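Here are a few friendly notes to read alongside the coordinates.

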Amino acid sequence: MARKKQQDVSVLHGHHVVSGPELRATFAAAQADGTARVRRRALHGVVLVLLAGLIAAAIITALAIINGQLRIPAAAPAEEAVSTCPAATFDYTPNEQINLNVYNSTSRPGLARSVADEFLARKFVVGAVSNVDAGYRGAAAVISGAAGQSAAFSVQRNLPGSDYFQDGRTDGSVDVILAQDYKALTPPDLVDQTPGTLSCPRESRRVADDDKWPVLPSAAPAS
């Protein structure tokens with residue numbers, strides 16, 4: 001007698017019968033997809049709330065500024081540089097009334113002596129003539145106290161490119177410190193003797209080695 005063929009329980013009337021494990025897997029996948037959708041919706045909601053809050057804060061701030069209830073502090077203006085250059089206008093002091101000291105801060109030997117002789121030829125009263133170490137950069141530094149500013153003005157008219165510095169001396173003497181950029185005195189017949197102001201250094205030439213003033217001789221060095 002022929003044996004009956006074992007029936008496939010997963011198929012009923014030609015249709016697949018869903019098993020318990022398959023059903024659970026289907027429900028689990030659907031639940032995971034639903035959870036992901038809920039999270040995305042929550043995140044979108046948070047973003048929308050934050051954007052709405054920022055827009056509202058911006059509108060409130062703008063209205064407060066317009067109505068004068070809120071003021072934005074302006075940037076503090078930069079402090080203006082205080083000039084130490086005398087602003088007075090000086091008349092040209094006659095050469096023979098000017099007591100002058102000449103110092104050489106360059107490596108050129110005999111420069112102080114040769115320039116001093118040129119000043120003597122112009123009837124300046126020349127005192128000390130020597131070499132000195134100075135931290136000045138430029139053509140020449142012209143130094144005096146407050147009493148010697150008019151004399152220093154006349155010296156500058158003879159010394160093109162020079163820079164004026166004031167120190168604490170009380171007499172009317174003037175010091176000249178010749179530096180590396182010095183070339184020559186103004187020719188005597190081209191010296192401008194009309195009234196004018198002292199010529200003070202640009203900030204880039206005012207100091208050397210970050211000091212406030214150039215290194216000035218405190219007393220006439222020995223010849």
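1. A quick definition before the count: rings of Phe, Tyr and Trp (its six-membered ring) pair if their centres lie within 6.5 Å, and planes under 30 degrees apart count as stacked, over 60 as edge-to-face and the rest as tilted. How many aromatic pairs does this rule give? The count comes to three. Please keep in mind that this is a predicted model.

2. One of the pairs is formed by Phe90 and Phe153. Their ring centres are 6.4 Å apart and the planes meet at 35°, so the pair is classed as tilted. That angle falls in the class left over between under 30 degrees and over 60. The pair links distant parts of the chain: Phe90 sits in the loop between α1 (20-66) and β3 (99-104), while Phe153 belongs to helix α3 (residues 149-158).

3. Phe119 and Phe124 give another pair, with ring centres 5.0 Å apart. Their planes stand at 80°, so this pair is edge-to-face. Both Phe119 and Phe124 are buried.

4. Now for Gln166, which you will find in strand β6 (residues 163-166). With a relative accessible area of 33%, Gln166 is partly exposed; that value lies between the 20% and 50% limits.

5. What does Gln166 touch, leaving aside residues up to four places away in sequence? The list is Pro86, Ser144, Gly145, Ala146 and Gln149. With Gln149 there is also a polar contact of 2.8 Å between the two side chains. If you like C-alpha distances, Gln166 and Gly148 are separated by 9.1 Å, and they are 18 residues apart along the chain.

6. Stepping back to the fold, the protein chain has four helices and seven strands. Along the sequence they follow the pattern β-β-α-β-α-β-β-α-β-β-α. Of the contacts between residues at least 6 apart in sequence, 76% join residues at least 24 apart.

7. Finally, the surface. The protein chain has 223 residues, and buried ones make up 33% of them. Its accessible surface comes to about 15100 Å², with 59% of that belonging to carbon and sulfur atoms.

Conventions. Residues are numbered from 1 along each chain as its sequence is written. This is a predicted model: local features need pLDDT of at least 70, side-chain atom pairs count only at pLDDT 80 or more; totals for chains, interfaces and linings use all residues. Side-chain values use heavy atoms; hydrogens and water are left out. Helices (H or I, at least four residues) and strands (E, at least two) are DSSP runs, numbered from the N terminus. Buried means under 20% relative accessible area, exposed over 50%, partly exposed in between (1.4 Å probe, protein chains only). Contact means heavy atoms within 4.5 Å. Accessible areas come from the Shrake-Rupley method with a 1.4 Å probe; for residues, only the protein chains shown count as cover. A polar contact is a pair of N or O atoms within 3.5 Å; within protein, one must be able to donate a hydrogen and the other to accept it, and residues adjacent in sequence count only if both atoms are side-chain atoms.
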